[in-house]
Amino acid sequence: MRRLIRFPYRNKDLPPFSCEFRGRRRRVLDLPLLAWLTVIWVLLWSSLRWANVLTGVVVAVAVCLAFPLPQVDLGLRLHPWGILRLAGFLLYDMYTSGVKVTRQIFADHPHRPAVIAVPLRCRSDLMLTATAVAMSNVPGGSVVEVRRATATVFLHVLDADRPAELDAARRSVWRMEELTVRAFGTRDEIARVAGPPPTTRHTGERPEGRGEDA
């Protein structure tokens, strides 16, 4: 039997928090929009009753079916297990990085900071931004620029005296990108980060000129 209403857990191609009406013409409705229209309907009646709530839902669905908005997919998917892994890694990385930065501050020998370029595997604006924000929350490294044209983030590191430290910083960015994509990315993006990280020829110095920021 053909289902009249389908939700994202049955159709992975649907945006999150939406439902699909399958009739003569396919309609995808945004559930937060339906909830907001229902709230407005109840406020107009100034009475929180079940009859007003149900009527508001019916009116909201009718309005959205009669005047459909263009479908906009931000590329955001919610993967509960991936979100838990990302949160756990962030807490662990913030603790270990904080201890490392404290040791660097009280070390006797001076450190040479640097800005390194790290190319990412995903090129969507959402994943670039989410990865950059996640890296900026970890002590010891901050993203100073994101170049959309090449999907590259420029990361400021405190200790660039040894090549091993630079390689570790790049691997940390790629690991954060993978966890972020597995928490919020699409299937194509998850398949992309499952592959090996891109090769880089940068040696720790930021190239001349500024690219396009995101």
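Helix α1, residues 31-45, packs against helix α2, residues 50-66, at an angle of about 130°, with the axes 8 Å apart. Axes here are lines fitted to C-alpha atoms over the stretch in contact, and angles run from 0 to 180 degrees between N-to-C directions. That makes α1 oblique to α2, oblique being whatever is left after under 35 degrees (roughly parallel), over 145 (roughly antiparallel) and 65 to 115 (roughly perpendicular).

A caveat on the source. This is a predicted model, with local features needing pLDDT of at least 70 and side-chain atom pairs pLDDT 80 or more, while totals for chains, interfaces and linings use all residues. Numbering starts from 1 along each chain, and side-chain values use heavy atoms, without hydrogens or water.

Who meets whom? From α1, the list includes Leu 33, Leu 37, Trp 41 and Trp 45. From α2, it includes Val 53, Val 57, Ala 60 and Cys 64. Contact means heavy atoms within 4.5 Å. By class, this contact has 12 nonpolar, four polar and no charged residues.

Now the largest nonpolar core. It has 26 residues, buried (under 20% relative accessible area, 1.4 Å probe) and joined through side-chain atoms within 4.5 Å. Ile 116, Val 143, Val 153, Leu 155, Val 157, Val 173 and Met 176 touch the most other members. Helix α5 gives the largest share, seven residues. Take Leu 155: leaving out residues up to four places away in sequence, its contacts include Ile 116, Met 135, Val 143 and Val 173.

Finally, the whole chain. It has six helices and six strands, as DSSP runs of at least four residues (H or I) and at least two (E). Of its 214 residues, 35% count as buried.

Conventions. Ala, Val, Leu, Ile, Met, Phe, Trp, Tyr, Cys and Pro count as nonpolar, Asp, Glu, Lys and Arg as charged, and the others, Gly among them, as polar. Buried means under 20% relative accessible area, exposed over 50%, partly exposed in between (1.4 Å probe, protein chains only).
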